Structure formats: C-alpha cells, structure tokens
Amino acid sequence: MSIANKNILLGITGGIAAYKTPDLVRKLTALGANVRVVITASAAEFVSTLSLQAVSGNPVHHHLLDPAAEAAMGHIELAKWADVLLIAPATANTLAKLAHGIADDLLSTLYLATTADIYVAPAMNQQMWKAPATQNNLHMLKEHGVKMIGPAEGEQACGDVGAGRMVEPVDIASLLNEQHALTRHNDPTHNTLAGKRITITAGPTREPLDPVRYISNHSSGKMGFAIAQAAALAGAEVTLVAGPVSLNTPEGCKRINVTTADDMLAACQSVATSTDIFISTAAVADYKASAVANNKIKKTGEELTLTFIKNPDILATISARDDRPFCVGFAAESQNVEAYARSKLEKKNLDMIAANDITTEGLGFNSDQNALHVIWSDGEKRLPATSKSELATQLLSLIAERYSTALPS
Ligand code: C5P
C-alpha cells in the first residue's frame with residue numbers, strides 16, 4: 001500500500017502552518033506521488049506560490065474564475081484528476097465551510113466536486129479547536145467520510161499550549177502512504193465505521209505488590225494501538241484505554257491511561273454507554289495481590305509467599321451490560337488455540353474473537369507482526385502473518401462486516 005503514482009491534490013488554507021507545506025510537497029513527491037497544489041487567498045499570505053510551484057513541478061491553482069487556469073485544467077477536471085484530496089493545514093473556517101457545503105472558492109468547490117479520498121490536517125489555536133462549533137463541524141465531516149490527521153498537541157505559534165498544531169509533514173506523508181489504499185472513503189469499512197464510537201483496550205496492566213514492585217506481562221500494546229489508528233482513519237471516534245506502554249497516541253484518538261485492571265475496568269465502564277464497538281486487546285493481569293503492602297516487602301526468608309486474588313474480567317463485564325456494545329475479544333494462546341478461543345467466545349458472550357498462537361516465532365507479543373484466526377458464531381477467517389498495522393485494517397474490515405450484519409434492520 002502506498003501513494004506511489006497516486007495523484008494528490010494538496011489544498012492549503014490560511015494558517016501559520018502553511019509555511020511547512022513546501023516541505024510537505026517534497027515529502028509526498030519523495031514517496032512517488034504526483035502533487036498539484038490549490039491555495040486559498042489567505043494561505044498565499046503565509047507561503048510563496050513560487051516555492052510550491054517549484055517543488056510540485058506544477059502550476060499552483062488559485063482562483064475558481066480564472067479563464068487561463070480553466071483552459072489549462074478546469075476545476076472539474078482537477079477534481080477528477082485527484083486520487084486523494086489532502087487539506088493541510090485546514091483552518092477552522094475551512095472545516096466549517098466544508099461541513100456545510102459552502103463552495104465559495106476553488107478549494108471548497110473542489111471538495112464538493114471530487115470523489116477522491118479526503119484527508120484533512122487541522123491547524124488552529126487550541127481554544128478554536130475545542131470550540132463546540134468546530135467540534136460539531138468535525139463530527140459532520142467524519143460522517144461525510146473525511147479522515148482526520150491530527151491535530152497534534154504542543155506549543156502553538158500564538159504561545160498557547162494544547163491540541164491544534166498541524167501534524168508534521170513527514171508524519172502526514174507516511175500516514176497517507178501507509179493508510180491511503182486501506183481506508184478509501186467509498187469502501188465498506190469506512191462506510192460502516194464512520195462516526196461510530198469504538199473503545200479499545202491495549203497493553204498490559206500492572207498490579208502493585210508494594211510501593212516499589214508490581215507484576216505485569218510483556219504485552220507491548222502494539223496490536224491495540226494499530227487497531228486504534230486504523231479505526232480513527234476509518235472515521236470512527238476512538239477511545240484508547242491504555243495500560244503502561246511506551247507508544248505514542250495514534251492521531252485522532254482519545255487516550256485514557258490506566259495502570260491496574262481495576263482502573264482499566266473503571267475507565268471502560270465510564271465510556272461503555274457511549275461505545276458502539278468494544279475491542280479488548282489488553283493483556284489484563286489475571287490476578288492481583290490480595291493486599292498491597294504499605295511498605296517495601298523485606299528480604300527475610302529463603303522463600304516468599306504472596307496471595308493473589310482474581311482480577312475482574314473487563315471484557316466479560318462490558319459484554320454482560322444491558323446496553324452492551326458489539327464486543328470483540330482476543331485470545332493469545334500457546335496450545336489448543338482454536339478450541340480455547342471458541343470457548344471464550346461463548347463464555348464471555350462475544351460477537352467475535354481474534355485468536356493467535358503466541359508460540360510462533362516472531363509473531364504476537366512484543367513483535368511488529370502477527371497472524372490471527374478470527375472466529376464468530378457462524379463463521380471464521382484466517383488472517384495470515386503480516387504487519388500489525390495491515391492486520392488491524394483487515395480485522396477492522398471483518399468487524400465492520402459483522403457489526404453491520406448484527407445491527408437490527
Ligand atoms: O485472559 P483471557 O484469555 O481470558 O482473555 C481473553 C480476552 O478477555 C481478551 O480480549 C482480554 O483483553 C480480555 N480480558 C479482560 N479482562 C481480564 C482478562 C481478559 O478484558 N481480566
């Protein structure tokens with residue numbers, strides 16, 4: 001999957017981050033994409049059209065009503081040319097116009113006229129990003145099939161700190177390269193998952209023994225984070241409930257950090273009523289210490305005996321709710337993989353389970369690759385070994401298929 005030889009129409013709107021767009025064009029062309037640039041009047045205040053023309057190798061498009069430009073490549077032709085319309089940076093004003101179908105300049109007209117995949121990288125002041133009007137517009141755009149890239153958090157040009165920075169050009173380019181062909185807005189996964197609220201648990205839990213020690217496991221959280229990324233790109237509103245892992249939050253996902261299984265359960269319960277699909281990839285510790293010592297446990301005898309009690313089963317608790325979401329579990333097994341997975345599907349009252357054999361060298365725990373055997377009540381599918389990000393997309397498309405079949409008609 002890549003953007004090599006794809007036609008990318010880059011729409012630049014008037015935010016300070018526009019100064020980074022010549023670099024963005026370079027990053028996209030370096031990956032083999034053909035890039036044409038459309039620039040709004042206010043964006044032209046922030047970045048030189050001459051630079052953009054030089055790096056893209058194509059004239060920059062400005063005006064809707066320009067006879068010379070229309071004669072060379074008219075706006076409808078340009079809309080048809082594009083495989084991808086990427087708007088970066090996208091201002092609050094542009095998001096508002098797109099959400100409401102206002103077509104008063106070349107870029108907003110192209111937005112309505114194209115059937116290309118549409119990606120938007122918002123950039124604005126953190127307070128403008130949080131404003132209810134902006135958030136409503138975003139929600140509408142996601143429902144229309146637009147995929148959001150970011151925004152990133154951090155220090156802003158105005159001195160504020162918060163969400164609203166444009167994702168860096170190198171990250172926009174690699175994200176498009178990885179995901180473009182996987183998340184086309186006219187594909188069934190996107191149509192089903194756009195605007196759906198998906199909660200994903202990921203990583204290990206950590207159960208304290210005393211103020212300095214804990215028990216945990218080797219889960220890296222990579223599978224859950226890859227699913228979160230793919231779900232966000234498919235237009236879903238993603239909440240990632242993450243145990244202690246050292247992974248960056250995928251763009252566009254809300255993250256709740258937790259430590260213990262009890263914390264993870266509380267976080268999941270707090271969002272359960274507003275969850276349509278619950279995907280449980282976390283390697284939850286099965287047991288916790290019956291009592292956490294107040295002081296460091298001293299090295300006294302040759303042996304140490306601790307008592308453990310069972311942790312709550314988060315997935316089973318969520319799936320037992322009256323307002324249960326569509327529930328997907330994981331089963332990491334070292335033997336009798338299919339039989340154990342089938343029994344968990346039934347016992348935990350799940351809609352689907354994704355099983356993997358943790359004894360296969362180079363796959364599963366702590367690795368970048370995995371293979372899954374996905375099972376549901378009247379079907380199954382084997383997803384052969386591949387990268388976790390590719391697998392996440394394949395799994396989501398199966399989930400989307402089953403989820404839409406399970407919906408009451
Ligand atoms: O540990 P087990 O094999 O039963 O896990 C199967 C599924 O249940 C996984 O999806 C895991 O995330 C979930 N689970 C859970 N809470 C637990 C144990 C497992 O949510 N305490």
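Q: Which elements do the buried residues of helix H9 pack against?
A: This is a predicted model: local features need pLDDT of at least 70, side-chain atom pairs count only at pLDDT 80 or more, and totals for chains, interfaces and linings use all residues. Residues are numbered from 1 along each chain as its sequence is written, and side-chain values use heavy atoms, with hydrogens and water left out. Helices (H or I, at least four residues) and strands (E, at least two) are DSSP runs numbered from the N terminus; buried means under 20% relative accessible area, exposed over 50%, partly exposed in between (1.4 Å probe, protein chains only). With contact taken as heavy atoms within 4.5 Å, the buried residues of H9 pack against S1, H1, strand S3 (84–90), strand S4 (117–122), H11 and H15.

Q: Which residues of H9 are buried?
A: An α-helix has 3.6 residues a turn, so residues three or four places apart point the same way. In H9, residues 169–179, the buried ones are Pro169, Ile172, Ala173, Leu175, Leu176, Asn177 and Gln179.

Q: With which side chain does Lys20 make a polar contact?
A: Lys20 sits in the loop between strand S1 (7–12) and helix H1 (21–30). Its relative accessibility is 16%, so Lys20 counts as buried. A polar contact is a pair of N or O atoms within 3.5 Å; within protein, one must be able to donate a hydrogen and the other to accept it, and residues adjacent in sequence count only if both atoms are side-chain atoms. At 3.0 Å, the partner of the Lys20 side chain is that of Glu168.

Q: Which residues of the largest nonpolar core touch the most other members?
A: A nonpolar core is a set of buried Ala, Val, Leu, Ile, Met, Phe, Trp, Tyr and Cys residues joined through side-chain atoms within 4.5 Å. Strands S8 (197–202) and S11 (237–242) and helix H15 (388–406) are among the elements giving two or more residues to this core. Ile399 touches Ile277, Ile279, Phe326, Val328 and Met352, not counting residues up to four places away in sequence. Of the 38 members, those touching the most others are Ile227, Ile279, Val374, Leu395 and Ile399.

Q: How much of the ligand's accessible area does the protein cover?
A: Oxygen atoms of the ligand lie 2.6 Å from a side-chain N or O atom of Ser280, 2.4 Å from one of Lys344 and 2.7 Å from one of Lys348. Accessible areas come from the Shrake-Rupley method with a 1.4 Å probe; for residues, only the protein chains shown count as cover. Of the 440 Å² that the ligand has on its own, the protein covers 86%.

Q: What is the phi of Asn349?
A: Most residues other than glycine have a negative phi. Asn349 lies in the loop between H14 and S17. At 42% relative accessibility, Asn349 counts as partly exposed. Its phi is positive, about 55°.

Q: What is omega for the peptide bond from Ala88 to Pro89?
A: Pro89 is in strand S3. The bond from Ala88 to Pro89 is cis, with omega near -10°.
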